[in-house]
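Q: Could you walk me through this one? I'd like to start with the overall layout and then go into a few local details.

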Amino acid sequence: MVEIIPLLKQLLSASGVAGYETPVADILQNVWKPLVDEISVSKVGSLHGLKRGNSSEPRPSLMLATHMDAIGLIVKGIHKGFVRFTDVGGVDPRVLPGQQVWLHGSGPAADPGNPLPGLVVKPSAPLLPEELGDQVIPIENLFIDIGLAPGQVAKFIQVGDIVSFAQEPMEMNGETVAGHSIDNRAAVIALTMCLQEIQTRSHSWDIWATATVKEEQGYIGAYTSAFQLRPSLAVVIDTTWAKGPGSDDWNTFPVGKGPTLMWGPNIHPNLHKSIKELAEKLEIPHAIEITGQSTGTDAFATQIVAEGIPSMAIGIPIRYMHTPVEVVSLKDIQRTGRLLAEFIQTLTTDFMSKISLGS
Amino acid sequence: MVKTFYLTKKQTTLLEKLSQAMGISGNEGEVRSVILEEIRPYISDHQVDALGNLLVTRQGSANNRLKVMVAAHMDEVGFMIAADDGEGIFRFESVGGIDVRQLPGKSVLVGKDHLPGVIGARPIHLTTASERQNKIPLEKLRIDVGPGKNPIKPGDQAVFNTNFRRVGPSLIGKALDDRLGVAVLIELIKDAPENIDLQAAFTVQEEIGSRGARVAAFSFKPDLAFVVDSTPANDLPSWDDAENVTYNTHLGEGPAIYVADGATLSDPRLIRLLKQTAEKESIPFQLRQPGGGGTDAGTIHKQAGGIPSVSVSIPGRYSHTAAGVARVSDYVNTVALLKATLRSIQPEFLAQERK
């Protein structure tokens with residue numbers, strides 16, 4: 001039995017910056033192994049778990065895609081004992097000064113199992129270009145201080161080394177969890193909850209549970225896994241923007257009021273409709289999220305793989321996305337997992353013809 | 001040969017406890033408890049005054065003892081909950097000088113139960129490039145503890161939620177300004193000299209104008225005073241590689257002796273005494289660059305009929321942010337310099353010329 005909070009905390013404590021997902025993939029492989037019939041790693045590092053269906057072969061298959069990579073930082077240089085860096089995957093420099101980080105050093109003295117703690121710092125005003133004044137300090141003017149004597153730094157850290165956020169996950173008020181990489185570990189957990197739910201229930205389709213890599217840098221895992229697995233359908237679970245301080249926009253959704261069902265050109269209209277009707281029937285609270293051009297999720301990729309794969313995207317609303325203090329509601333994760341499990345039950349062998357756009 | 005400086009396990013644990021304790025100006029009780037627990041075996045009595053200063057005297061045994069005050073402030077900069085917006089979202093004010101650019105994306109602890117919360121920021125995807133050029137003003141920021149019931153009320157304090165770490169030669173943590181000074185005072189109390197009456201003041205409200213030190217000095221009426229604080233080490237490289245002429249202090253170069261800051265011109269006899277003691281004992285020291293800023297000496301030296309005062313600081317980078325960096329060697333050398341200096345004070349000390 002997988003417990004949601006301990007697993008979420010474990011996944012949120014692991015690094016897994018885009019391109020370097022192994023720490024999170026290792027945890028997940030152990031968690032999924034007893035829940036699937038086969039597990040493997042793709043050529044680019046995505047995790048594929050197969051839960052076989054009980055209909056006769058060739059069976060249709062459903063890909064449930066959740067990206068496991070996260071935003072982070074990467075070393076650009078060392079200057080007089082201080083580390084220069086840039087971001088991986090889109091980080092607002094305004095959240096960086098004072099941030100505690102882990103540096104995954106590859107220098108001759110570095111121990112790969114033991115990242116070094118560091119601190120993102122903003123030099124004092126006289127040390128910065130005068131025109132910056134008391135304004136926002138661009139990422140190229142920030143440093144990471146690792147507390148070592150200047151001469152020691154290059155022994156541990158080299159250009160290209162990955163830096164992950166050190167913010168520890170925090171349970172808040174029993175209903176929400178805050179931490180880094182909730183985008184998209186929250187969806188990974190929802191998928192895990194779904195796998196757990198279908199253990200005791202039969203299903204006719206093959207289910208591919210996938211944890212994809214490098215979503216934050218161009219959906220690389222989604223393109224390649226969808227091609228390799230060639231599923232009949234793909235349902236992508238990602239996070240979406242929640243309402244909260246500083247973001248009350250029309251395209252934000254309340255935390256704790258259920259997942260969003262995305263709608264737009266990336267989405268197969270009949271697949272959307274069947275999941276929406278299911279959510280209504282089960283009275284699972286949800287919202288419709290309008291994604292005018294791209295969903296900004298792995299569904300952007302899965303839709304155009306090979307001959308094209310009918311795709312759908314579900315969003316778990318989180319506050320403060322792409323900061324180290326993202327906030328997610330545990331209920332929303334559970335509801336998403338349940339919706340996926342129930343959807344699997346509705347997949348009959350003639351489902352593809354039911355959602356056909358025409359002949 | 002590089003000398004390595006060690007802290008015992010007990011010393012490290014104490015520094016960690018002091019750094020993690022929550023104590024914004026005006027609400028220093030938690031820090032006071034940590035200190036009292038630590039010094040109780042070494043003192044016969046203590047006093048907590050009207051403002052919350054913790055005052056401890058250790059009398060010497062020699063004849064004609066001078067009364068020597070040592071002071072370090074317990075309070076830290078932080079936040080105060082100002083209004084409840086509902087759904088676990090709170091408006092807040094800062095207490096003490098905090099750069100608003102240090103706030104977004106940090107976790108905090110709120111109230112006496114240390115409830116976790118976060119100060120978030122708008123997702124980058126919803127911002128424009130020009131919006132990201134503007135800092136987020138305090139009135140737009142909120143502390144979010146998550147929806148659901150909570151006991152938080154306006155007036156509750158909050159601080160950065162930061163892990164204390166020992167890294168190589170350094171300490172990383174919050175509130176090193178001035179919990180390092182507090183730890184120095186504790187070490188002085190544990191090993192008090194016989195030639196003086198040691199009057200230790202763990203002060204309140206330094207960050208909002210050294211208000212605690214002012215009344216503590218009045219109560220003690222010392223003959224002279226040493227203030228132990230943490231001063232910025234702005235010793236980073238300049239963006240264009242120009243010489244850094246505003247470093248204030250350098251990490252790792254020893255305790256920083258104050259000649260002048262924005263609030264105090266130190267007593268020349270005390271500056272001389274510290275320098276001579278350091279040289280005699282081969283303890284490294286540095287002179288803090290004269291300039292702005294201030295310590296508890298600012299209110300102590302002009303209290304009552306005047307109290308000859310000097311400040312000694314442990315250099316610290318990134319003061320008044322979620323986490324600072326200081327060197328173990330600077331802490332150890334500050335303790336050594338002050339112990340040696342206190343031991344060398346003779347009753348006739350103040351009779352020497354002021355030049």
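This is a predicted model: local features need pLDDT of at least 70, side-chain atom pairs count only at pLDDT 80 or more; totals for chains, interfaces and linings use all residues.

Q: OK, which domains does chain A get?
A: The domain assignment of chain A gives domain 1, made of 4–70 + 180–354, and domain 2, which covers 72–165. The centres of domain 1 of chain A and domain 2 of chain A, taken over C-alpha atoms, are separated by 33 Å, and their contact takes eleven residues from domain 1 of chain A and 13 residues from domain 2 of chain A.

Q: And what classes of residue are on the domain 1 side of chain A there?
A: The side of domain 1 of chain A that touches domain 2 of chain A has five nonpolar, five polar and one charged residues.

Q: What about the domains of chain B?
A: For chain B the assignment gives domain 1 as 9–76 + 163–348 and domain 2 as 79–160, with 31 Å between the C-alpha centres of the two domains of chain B. Eleven residues of domain 1 of chain B are in contact with twelve residues of domain 2 of chain B, and on the domain 1 side of chain B these divide into four nonpolar, four polar and three charged residues.

Q: How many residues are in contact between the chains?
A: Here 56 residues of chain A are in contact with 52 residues of chain B. Strands S7 (116–121), S8 (143–145), S10 (170–172) and S11 (176–179) of chain A each supply at least two residues of the side of chain A that touches chain B, and S7(A) gives the most, with three residues. By class, that side of chain A divides into 28 nonpolar, 20 polar and eight charged residues.

Q: Switching to helices: which residues of H2 in chain A are buried?
A: In helix H2 of chain A, residues 22–32, the buried residues are Val24(A), Ala25(A), Leu28(A) and Trp32(A). They cover an arc of only 100° around the axis, and therefore sit on the same side of H2(A).

Q: Why would that spacing put them together?
A: An α-helix has 3.6 residues a turn, so residues three or four places apart point the same way.

Q: What covers that side, and what is on the face turned away?
A: The cover over the buried residues of H2(A) includes helix H1 (4–13), strand S1 (38–41), strand S2 (47–51), helix H4 (182–197) and strand S12 (206–212) of chain A, whereas the face turned away from the buried side carries the exposed residues Asp26(A) and Asn30(A).

Q: Now S6 in chain B, how many of its residues are buried?
A: Five of the five residues of strand S6 of chain B, residues 106–110, are buried, so S6(B) is largely enclosed by the rest of the structure. Lys106(B), Val108(B) and Val110(B) point one way from S6(B), while Ser107(B) and Leu109(B) point the other way.

Q: Which strands does S6(B) pair with?
A: Five bridges join S6(B) to strand S7 of chain B, residues 115–119, and the two run antiparallel, with Val108(B) standing opposite Gly117(B) in S7(B). The hairpin of S6(B) and S7(B) has four residues between the strands, and in this hairpin Gly111(B) takes a positive phi near 70°. Three bridges join S6(B) to strand S9 of chain B, residues 157–160, again antiparallel, and there Val110(B) stands opposite Ala158(B).

Q: Last one, does Leu15(B) count as buried or exposed?
A: Leu15(B), which is found in helix H1 of chain B, counts as buried because it has 23 C-beta neighbours inside 10 Å. Leaving aside its neighbours within four places in sequence, Leu15(B) is in contact with Leu171(B) and Ala183(B).

Conventions. Residues are numbered from 1 along each chain as its sequence is written. Chains are lettered from A and ligands numbered from 1 in the order in which they are written. A residue is buried if 20 or more other C-beta atoms lie within 10 Å of its own, exposed if 12 or fewer, and partly exposed in between; C-beta atoms are placed from the backbone. The arc is that of the directions from the helix axis to the C-beta atoms. Two residues are in contact if their C-beta atoms, placed from the backbone, lie within 7 Å. Two strands pair if DSSP finds at least two bridges between them. Domain bounds come from an automatic or database domain assignment. Ala, Val, Leu, Ile, Met, Phe, Trp, Tyr, Cys and Pro count as nonpolar, Asp, Glu, Lys and Arg as charged, and the others, Gly among them, as polar.
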